[in-house]
Amino acid sequence: MRLNLRLKLSFFTLIFFLCSTAAFSEDVYSKPDFFPEDQRNLVILDYPHDYDLNPLTANYTSEAQILTGLYEGLFSYNPNTLEPEYALCSSYKISRDKKRWTFTLRSDAKFSDGEPITAYSIRDSWLKLLATEEAPFASLLDCISGAEEYRTGKGTADQVRISARDNTTLVVHLKEPTEHLPAILCHHSFSAVSPNPDVYSGPFKLKYFRNGVLKMVRNPYYHDATTVVIPGITIVQTDSEEENTHLYNIGVVDWITGDVDANKILNSDSVHVNADFGTTYLFFKKRGGIWDNPEFRHALLEAIPYDKLRSMFSIQASTLVYPLSGYPTVAGLKDYDEEDARLMMQDARENAGIPQNKTLEIIFAISDTPLMQFWAQTLKEAWKPLGVNLITQTTSVEDYNPSIPYWNADLFIYSWIGDYADPLAFLELFRGKSTLNVANYQNQEYDSMLSEAAQTTSSDRYKILSRAEQLLLDDSMIIPISHSVSLNIINLNNIGGWQTNPLDIHPYRYMYIKRNRRRIPNSI
C-alpha cells in the first residue's frame with residue numbers, strides 16, 4: 001500500500017475479503033447523535049511532510065488518507081470493514097473464463113467542475129498511470145493484457161485491453177484471472193483523474209495548500225454529495241508535540257495523526273493504538289556486487305542477534321507478510337548461530353575465490369535517527385567476526401525513501417503498509433517487473449509462483465503465496481523487524497464515521513460531528 005515516512009510500532013489478524021455487492025448504506029441522517037446544525041469544519045494535525053497530492057505518484061500513508069477525500073475510483077474502502085464497495089462503479093460482471101471484467105459506471109458521476117466521469121475517464125486515467133514513469137503502483141495493472149508492455153515501453157496504448165464501450169461501460173481483459181482486482185482498485189492510484197489537476201473526483205476538493213495548512217471543502221458535484229455532511233477539512237502540519245497535545249486537550253483540534261504526547265492526553269479514551277497491516281524490514285538491493293550472491297547473504301543473516309535487533313518493538317516480526325486468517329505458517333527468521341555463520345562465510349569465500357583474510361565492505365543506507373543508528377551498530381558488531389565491515393551512509397528522514405532507487409548502497413530499511421488485505425500487498429514488492437521492486441530482486445521461480453497464485457481461486461492460492469514468501473526468506477533477501485502500529489488521537493464520542501482498521505485508512509466522506517449529550521446528575 002504505502003510507505004511510512006516514519007516507522008510505526010503492531011498486532012492484528014485480517015480476513016481476506018471480496019467485493020461487497022452494495023455500497024455502504026448507513027444513513028448518517030438516521031443516527032440519534034447527528035444534527036445538521038452541529039456540522040462544522042474538521043481540524044486535523046499531521047506531521048510536516050511535502051504532500052504529493054497526485055494520486056498517480058503518491059506513496060505515503062498520510063497522502064493516502066488525504067486522497068480518500070479528493071479522489072475516487074471504481075471502488076472505495078468500506079469504513080468499517082475495509083471491504084471494497086461500489087464507488088464510481090455501480091455493478092460488474094466477470095466472464096466464464098474470469099479474464100473479462102465488465103464494469104458499469106454510475107450515470108450521475110461528475111468531476112468537481114461538473115464534467116461527467118465516464119468509462120472513457122477511467123480508461124484515460126489508467127493509461128496515464130501506466131505512462132507515468134514514477135508511478136509506484138502502476139505495475140498492479142500488469143494483470144491487464146498489454147499493460148506491462150505499454151508501461152515498459154514495449155507496446156502502445158492501443159494494445160492495452162481497456163476499452164470504453166460507451167459512457168457507462170468499461171471492459172477490461174486480463175492476462176490471467178485476478179480475483180482480488182476490486183481490492184486493488186480501491187487504491188487511490190486507480191482513481192478517476194481529470195486532465196485539469198485542479199479538478200477532483202472525490203467527495204471533497206482542494207481549496208488551498210500553503211504554509212503547512214491544507215484546506216478541503218465539500219465537492220457539490222459529488223455523486224453522493226448529500227451524504228457528505230461536514231463542510232470541510234483543515235489539516236495543519238506541525239511537529240510541536242507539546243503544542244499539539246495542548247490544542248487537542250482544549251478542544252481546538254479533532255484528530256491528531258502526527259506528533260503528540262499520548263501520556264498527556266486528558267481523555268485517555270481518545271488514544272487509539274491499533275494494528276496496521278504492515279511490516280518494517282531490512283532488504284538487500286541487488287547492484288552487481290558480492291552481496292548479490294545468496295551464500296554471502298546466508299552467512300550474514302545467520303550471524304544476526306534477532307532478539308537484540310528487534311528489542312525496540314513490542315510486536316516483533318520474523319516474516320514479511322502480516323499474519324492473515326487462513327494463510328499458512330511460514331518459517332521466519334528467528335534463530336542465529338555465530339559459529340555456523342563463520343563457517344558459512346568461509347565456504348562462501350572459498351566458493352567465490354575470495355581470500356579468507358580479506359575484509360568485505362557492506363554499505364547500509366540509514367536516516368539520521370537513533371533507531372537506525374542502533375540497527376547499524378548491532379549489525380556492525382554481528383558481522384565484524386565474519387570479516388565484514390559495515391559502513392553507513394546517512395540522509396534525513398524526509399529524503400530517505402525517495403533516495404532508495406538511486407542510492408548505491410547494499411542494505412536499506414522499509415516500513416510498508418499493505419494497500420489491501422492480501423499477501424500480494426507485500427509479495428508484489430519483490431516481483432521481477434514490479435514498479436515497487438526497489439530491491440531489483442529477480443527470481444523466475446518466485447515470479448512464477450505469483451502468476452500461478454493469480455490463476456487459483458481456491459484456498460490453494462494462499463498456499464502458493466506462502467511458498468513464494470518462504471522462497472524470498474530462504475533467499476536471505478530481507479530481514480523482518482516488526483509489524484506496524486498506528487497511533488491516532490480522536491474522541492469518538494465527538495466524531496462519528498471513524499473506525500479503527502488494519503490499513504489505518506479512514507475515508508473522510510463518512511465522518512460527521514456528533515452531538516455529545518452529557519448527562520448532569522441532579523444535585524439537591
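Predicted model: local features only at pLDDT ≥ 70, side-chain atom pairs only at ≥ 80, totals over all residues.
A residue counts as partly exposed when its relative accessible area falls between the buried limit, under 20%, and the exposed limit, over 50%. Y92 has 24% relative accessibility, so Y92 is partly exposed.

**Y92 and F103**

- The rings of Y92 and F103 make a tilted aromatic pair, with 6.0 Å from centre to centre and 40° between the planes.
- Y92 belongs to strand β5 (residues 89-94) and F103 to strand β6 (residues 100-105), so the pair ties together parts 11 residues apart in sequence.
- F103 is buried, at a relative accessible area of 0%, whereas Y92 is partly exposed.

**W255 and W498**

- The ring centres of W255 and W498 lie 5.9 Å apart with the planes at 85°, so this pair is edge-to-face.
- W255 is in strand β12 (residues 255-256), and W498 is in the loop between β18 (495-496) and β19 (512-513), so the pair ties together parts that are 243 residues apart in sequence.
- W255 has a relative accessible area of 1% and is buried.
- W498 also counts as buried, at 3% relative accessibility.

**Aromatic cluster**

- One aromatic cluster is formed by F137, Y281, F283, Y400, W407, F412, Y414, W416, F430, Y441 and Y446.

**Charges over rings**

- R210 lies over the face of Y208, 4.1 Å from the ring centre.
- R515 places its charged end over the ring of F35, at 3.7 Å from the centre.

How values were computed
Residues numbered from 1 in each chain as written. Heavy atoms only, no water. Phe/Tyr/Trp six-rings, centres within 6.5 Å; stacked < 30°, edge-to-face > 60°. Helix = DSSP H or I, 4+ residues; strand = E, 2+ residues; numbered from the N terminus. Buried < 20%, exposed > 50% of the residue type's maximum accessible area, 1.4 Å probe, protein only. Lys NZ or Arg CZ within 6 Å of the ring centre and 35° of its normal.
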